Amino acid sequence: MEIIERIKCNEYDLYMKPDSNTKNHFQWFYFKVNIKKGSKTIKFTIKNFIKSTMLYSQGLKPYCRSLKNPDYHEFKQVDISVKFYEDLYTNCYSLEFTYNF
C-alpha cells in the first residue's frame, strides 16, 4: 500500500501503489495488520482500482493469512461480505470489506 488513512477508530482507507512493471495499473495489494490486544472488527476500503471489470464485482473475496488464527495459517479466501463499487468522487473503484481479528 502506498497510503493508509485512518477514518475512524476501526475504519481505514487504503491506496495501492501501482503494480510493478505496468503503466500505473492498480490491481494487486498486500498489507499487514498488527492487533495489540483482544479482538477487533476493522473496516477496510481500498480506494484506487482503475478497472470496473475486477473479479471482486463478480464475488471474489480477499485472501487472508493469520498467525494467531490456526484456521488461517495459510492464505485462504475469507468468507466475508465485500462491496465493489464506483466512487464517483474519485472516478475510481473501491473494494470495501470488514474483517474480524
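**A buried ion pair, its neighbours and the core**

Asp87 and Lys47 are both buried, that is, each has under 20% relative accessible area, where over 50% would be exposed and anything in between partly exposed (1.4 Å probe, protein chains only). Their side chains meet in a salt bridge, with 3.3 Å from N to O; the term covers a side-chain nitrogen of Lys or Arg within 4 Å of a carboxyl oxygen of Asp or Glu. Asp87 sits in strand E6 and Lys47 in strand E3, so to speak distant parts of the chain, 40 residues apart. Strands (E, at least two residues) and helices (H or I, at least four) are DSSP runs numbered from the N terminus. The model is a predicted one, in which local features need pLDDT of at least 70 and side-chain atom pairs count only at pLDDT 80 or more, while totals for chains, interfaces and linings use all residues. Residues are numbered from 1 along each chain as its sequence is written, and side-chain values use heavy atoms, with hydrogens and water left out.

The structure holds five salt bridges. One of them pairs Asp79 with Lys61, whose closest N and O atoms are 3.3 Å apart. Asp79 lies in the loop between strand E5 (76-77) and E6, and Lys61 in the loop between E3 and strand E4 (63-64), so this pair ties together parts 18 residues apart in sequence. Asp79 counts as exposed because its relative accessibility is 69%, whereas Lys61, at 22%, counts as partly exposed. Another salt bridge runs from Lys83 to Glu96, with the closest N and O atoms 3.6 Å apart. Here strand E6 supplies Lys83 and strand E7 supplies Glu96, again distant parts of the chain, 13 residues apart. Glu96 has a relative accessible area of 14%, so it is buried. Through shared partners, salt bridges join Glu11, Lys43, Lys83 and Glu96 into one network.

Now for the nonpolar side. The largest nonpolar core has 19 residues, of which Ile46, Phe49, Phe84, Leu95 and Phe97 touch the most other members. Such a core is a set of buried Ala, Val, Leu, Ile, Met, Phe, Trp, Tyr and Cys residues joined through side-chain atoms within 4.5 Å. Strands E3 (41-49), E6 (82-87) and E7 (92-100) are the elements that give two or more residues to this core. Leaving aside residues up to four places away in sequence, Ile46 touches Met1, Leu14, Met16, Phe29, Phe31, Tyr93, Ser94, Leu95 and Phe97, a contact being heavy atoms within 4.5 Å.

E1 runs antiparallel to strand E2 (residues 11-15), and five bridges join the two; strands pair if DSSP finds at least two bridges between them. The hairpin connecting E1 to E2 passes through two residues, and Glu5 stands opposite Asp13 in E2.

Over in the loop between E3 and E4 is Leu55, which counts as exposed at 51% relative accessibility. The C-alpha atoms of Leu55 and Ile7 are separated by 26 Å, the two residues being 48 apart along the chain.
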